[in-house]
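Colleague: I am new to this one. Could you walk me through it?

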Amino acid sequence: MNKNNYALIMAGGVGSRFWPVSRTEYPKQFIDFFGVGKTLIQSTYDRFLKICPPENIFIVTNEIYTDIIKEQLPDLDANQILAEPIMRNTAPCISYGSTKIARLNPDATIVVAPSDHTITNQDAFISAIEQSLTAASQNDCLITLGIKPSRPDTGYGYIQYTENRLKTDDQIHKVKIFTEKPNLELAKSFVQSGDFLWNAGIFIWSAKSINNAFSKHLPDMYEIFQQGAPIYNTANEPEFISNAYQQCTNISIDFGIMEKADNVYVLPADFGWSDLGTWASIYDIAEHDYVGNAVIPSEKVMMFNSSNCMVNVPKDKLVILQNLHDYIVVESNNTLLICPRSEEQSIKQIVADVKSKFGVKYI
């Protein structure tokens, strides 16, 4: 295992589309959605143990989740948990993590990945990451993984690539353009063209390359985190970061760096990836009965003349459904949500409406 390989796992999201199971105080990355005995972040961590030494895996998260991470990933040292004082999107957390890792090892090659994705083909995933890490260690480039689209999906960003390839690896293509969540007609044309991929939000680069990119494209943010170089990995790091984040722009790594840099490449890959952005993605991955119901867990759920439903309830709850078709049924902490699958995108708005009606910040 290469001692220069590092992983930066992003685990700060609130997962509001999975309410009421996922809540602000306990969001989706800390939940075992499929009843497999591991939460999403635990599964992600275990994948990277096959790629990086355990001491080279870092978790960046909101400071309100540090205790949950310590509980779910007890082998982590406190220095491996990067606590963000406020949410500022992906560019600041990546700049923070990359600068901190570079301070530990200037020759580091880093893979940045979300904590809440599922991967069904572990071997193919590890192969793609290791291939990209090797290429990133040999070239001044920013690599992203692109997923071969299986359908015209409007919920994903797309990456168009060219026939120009990395000199040391002819499977890694030069990126032409990023396109965020197109409409259905445009998504259909992307899939038909054959040169578009889904943007998986997984990035691979050397610490030198990504810090150079920040210096060029987000120089103010670069300077903010560089000021703390002597402080990283010391007892004064949390105080410095608390002040640094107050100065940072709220901006994504895609918009701030990837859409501007001229050394961005993509590796087309297929390893059974899902970003678990909606209950529909859980439904697609979960096991179904003969009439299309996905029930997690299924011990005390009884279905009569019901089909194509997504049901997620606590194990000890007795649930009886009759004459229900194409619905999402979710219960957690004595809160019940019943929603047509066709209207799933409204869940986020439902959460906002409940907060507004009852005058609460978190639910």
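This is a predicted model: local features need pLDDT of at least 70, side-chain atom pairs count only at pLDDT 80 or more; totals for chains, interfaces and linings use all residues.

Colleague: How many salt bridges does a search of the whole structure find?

Modeller: The search finds nine, a salt bridge being a side-chain nitrogen of Lys or Arg within 4 Å of a carboxyl oxygen of Asp or Glu. One of them joins Glu237 and Lys100, at 2.8 Å from N to O.

Colleague: Where in the chain are Glu237 and Lys100?

Modeller: Glu237 is in helix H8 (residues 237-246) and Lys100 in helix H3 (residues 90-104), 137 residues apart. Helices are DSSP runs (H or I, at least four residues) and strands likewise (E, at least two), numbered from the N terminus.

Colleague: Are Glu237 and Lys100 buried or exposed?

Modeller: Both are buried, where buried means under 20% relative accessible area, exposed over 50%, and partly exposed in between (1.4 Å probe, protein chains only).

Colleague: What does Asp326 pair with in a salt bridge?

Modeller: Asp326 pairs with Arg341, with the closest N and O atoms 3.5 Å apart. Asp326 is partly exposed at 37% relative accessible area, and Arg341 is partly exposed at 27%.

Colleague: Changing topic, where does Leu318 lie?

Modeller: Leu318 lies in the loop between strand E14 (310-312) and strand E15 (319-322). Leu318 is exposed, at 58% relative accessible area.

Technical notes: Residues are numbered from 1 along each chain as its sequence is written. Side-chain values use heavy atoms; hydrogens and water are left out.
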